[in-house]
Amino acid sequence: MSGTMAPPVRAWIGLGANLGDARETLRAALRALAALPGCRLAGVSSLWRSAPVDAQGPDFLNAVAALDTTLSPLELLRALQAIELAHGRERPYRNAPRTLDLDLLLHGDTVQADPVLTLPHPRAHERAFVLAPLAELAPALHLPGHAASLAGLLQGMADQAIERLAGDWSRD
């Protein structure tokens, strides 16, 4: 028997956009995620509106997607960056407004820190626009390295303006 395929792991992807038609860009990003080889879109949160954190520009639209994947963390990161580029993502400076931002938040139980990729995402626990949609999809999930629940982490972020938008935004 030739090489066996690793079983899929659950990866959590943060989606955000605040330039152009952000809602349509996020829909297109979901389609691109679902089409990645070795990946299955397992769920998507509501759409959330949030003010930029450590940045300027228009409000962001944010969501989190659950992706079952056989891709390694680095392969998935490269795929996310390719999707961003296909949607006109530019990185003129840190926290610049963006047409599309895809963050690999978690990849199974992987914990790593190197110059290319840190898992879990190093600032996920500080951002309501990540924690609120993540808690909506997986309320029992704990971020490795943090004893508090997602709801507990969110309680410390009352100063970050975030609003859940009604309706199913993810379908055309």
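**Ile13 and the cores**

Guide: Start with Ile13: leaving aside its neighbours within four places in sequence, it is in contact with Leu33, Ala63, Val64, Ala65, Leu67, Leu76, Leu80, Leu102, Asp103, Leu104 and Leu105. Contact here means heavy atoms within 4.5 Å. Bear in mind that this is a predicted model, in which local features need pLDDT of at least 70 and side-chain atom pairs count only at pLDDT 80 or more, while totals for chains, interfaces and linings use all residues. Residues are numbered from 1 along each chain as its sequence is written, and side-chain values use heavy atoms, with hydrogens and water left out.

Visitor: What makes a group of residues a nonpolar core?

Guide: A nonpolar core is a set of buried Ala, Val, Leu, Ile, Met, Phe, Trp, Tyr and Cys residues joined through side-chain atoms within 4.5 Å. The largest one has 29 residues, and Ile13, Leu15, Leu26, Leu33, Leu76, Leu102 and Leu104 touch the most other members. At least two residues of this core come from each of β1 (9-17), α1, β4, α2 (73-86) and β5 (101-107). Apart from it lies another core, of 17 residues, including Ala128, Phe129, Leu134 and Leu143.

Visitor: How do you know where a helix or strand is?

Guide: They are DSSP runs, numbered from the N terminus: helices are H or I with at least four residues, strands are E with at least two.

Visitor: Why is α3 said to be largely enclosed?

Guide: Because eight of its ten residues are buried, α3 is largely enclosed by the rest of the structure. Buried means under 20% relative accessible area, exposed means over 50%, and partly exposed is in between (1.4 Å probe, protein chains only). The buried ones in α3 are Ala128, Phe129, Val130, Leu131, Ala132, Pro133, Leu134 and Ala135. Their cover includes β1, β3 (47-50), β4, β5, α4 (150-155) and β8 (162-165).

Visitor: Is Ile162 buried or partly exposed?

Guide: Ile162 has a relative accessible area of 29%, so it is called partly exposed. You'll find Ile162 in strand β8. Not counting residues up to four places away in sequence, Ile162 touches Trp48, Arg49, Ser50, Ala128, Phe129 and Ala132. Ile162 and Phe60 are 102 residues apart in sequence, yet 9.5 Å apart in space, C-alpha to C-alpha.

Visitor: And what about Leu165: buried or exposed?

Guide: Leu165 has 9% relative accessibility, so it counts as buried. Leu165 also lies in strand β8. Residues up to four places away in sequence aside, Leu165 touches Arg23, Ser46, Leu47, Trp48, Arg49 and Leu61.

Visitor: Why does Asp68 count as buried?

Guide: Asp68 counts as buried because its relative accessibility is 14%. It sits in strand β4 (residues 60-69).

Visitor: Which side chains make a polar contact with the side chain of Asp68?

Guide: One is Arg10, at 2.5 Å, and another is Arg40, at 2.7 Å. A polar contact is a pair of N or O atoms within 3.5 Å; within protein, one must be able to donate a hydrogen and the other to accept it, and residues adjacent in sequence count only if both atoms are side-chain atoms.

Visitor: What puts Thr69 in the buried class?

Guide: Thr69 has 1% relative accessibility, so the buried label applies. Thr69 is found in strand β4, and a polar atom of its side chain lies 2.9 Å from the backbone nitrogen of Leu71.

Visitor: Why is Ser72 called partly exposed?

Guide: Because its relative accessible area is 29%, Ser72 is partly exposed. Ser72 is in the loop between β4 and α2.

Visitor: What is called a pocket?

Guide: On a 1 Å grid over the protein atoms alone, a pocket is an open set of points with protein on both sides within 12 Å along at least five of seven lines, and lining residues have an atom within 4 Å of a point. Eleven residues line the second largest pocket, with Leu30, Leu41, Val44, Ser170 and Arg171 nearest its centre. Two or more lining residues come from each of α1 (22-35) and β2 (39-44), and β2 gives the most, four.

Terms used: 1 Å grid on protein atoms, 1.4 Å probe; cavity = no way out; pocket = protein on both sides within 12 Å on 5 of 7 lines; lining within 4 Å.
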